[in-house]
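Please open the structure in a viewer and keep the selection panel at hand. The stops below are meant to be followed in order.

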Amino acid sequence: MKAISLREPQRFEMIDIDPPADPGPGEALVQVHNIGICGTDVSGYFGKMPLMTYPRILGHELGVEVVAVGDGVTGVAPGNRCSVEPYLNCVDGCLACRRGAPNCCATLEVLGVHTDGGMRPRFLLPARKLHVSTRLEFEQLALVETLGIGAHAVDRGAPGADDTALIIGAGPIGLATYEFVRLSGATTIFMDLNEERLRFASDVMHCDHTLMVTGDIDGQLRELNGGELPNVVFDATGSNRSMSAAVNYIAPTGRLVYVGLTAGELSFPHMAIHKPELTLCATRNSVPANFRAIIEHIEEGRIDTAPWITHRSSFGGLIGDFPTYTRLESGVIKAVVAVN
């Protein structure tokens, strides 16, 4: 069986691997149909993902079909179309899992990051990590994990209809965050360095306002928001410089949610958060309830996945196509790979 392995930074290779065994108790054998390419994959490609080791089979945004299940499996059956929750946790062995936060498990392994993921036709995983839909296509199911990052971040920031939310970074994670800010009813301002991404956020996603990172940002934010700074800010850049500066853009008693991941240090004066009594939140991955809610949102038409997919690759063509997806000038928002 063929698989695509990232042997080292910037070097993919098509390799031969053994086919998976039959599923054991609690396991499911799945056939991979579609894989979404995300910022984690790009960071890993460039050797900038601090949690990734090499060689690694990438792929954690997955739309799959159940082929077989092991003993004791309930809730999924052969033939089911599913989204994969790629966060492999210990269930109830650590404090985080016992408290209902499997995304923060002490021994968490993420498919395609800590352990091999879905850039292969078939593999085994715990059946409890599958979320079934009878209505969605495999491409749509491959987008659920990305949307889950935004859903969990918005749960952390808890914007309401009377709030104004600033989203810094109009890439896929910022856009995923926007989908759930929009559903909250809050007014949304997107801020980015890239004009094309801001145009996509405005013209395709129909956000309320966009702002280039230039000039007097404080003054521009106040002009867009009735003289006040936004009271909820989501930084989805993964840039420690942007994340450090984000504390300057929040109204008193506001909330700042760090959605992006950086290996760098953050730096700001304590008074920047003390004087306005800000709340700082981290957000990590997502939780099972997010997957179930997102599938329902898409099924019921509250989230339209059609604008998200801007590029497509075949399994055999991905190695050649992948460098394109690392360049902003390509206009990529979300690339999806067809495996079967």
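The model is predicted: local features need pLDDT of at least 70 and side-chain atom pairs count only at pLDDT 80 or more, while totals for chains, interfaces and linings use all residues. Residues are numbered from 1 along each chain as its sequence is written, and side-chain values use heavy atoms, with hydrogens and water left out.

Select helix 6, residues 195-203; helices (H or I, at least four residues) and strands (E, at least two) are DSSP runs, numbered from the N terminus. R197, L198, F200 and A201 are buried here (under 20% relative accessible area, 1.4 Å probe, protein chains only). Viewed down the axis of helix 6, the buried residues fall within an arc of 155 degrees (taken from the directions from the helix axis to the C-beta atoms), so they line one face of the helix. Their cover includes helix 5 (172-184), strand 11 (187-192) and strand 12 (209-212).

Next, select strand 3 (residues 27-37) and strand 4 (residues 61-69), which pair in the antiparallel sense over eight bridges; pairing requires at least two DSSP bridges. A28 stands opposite V69 in strand 4. Strand 4 also pairs in the antiparallel sense with strand 5 (residues 81-84), over three bridges, and C82 in strand 5 is the bridge partner of V64.

Methods
Buried < 20%, exposed > 50% of the residue type's maximum accessible area, 1.4 Å probe, protein only. Contact = heavy atoms within 4.5 Å.
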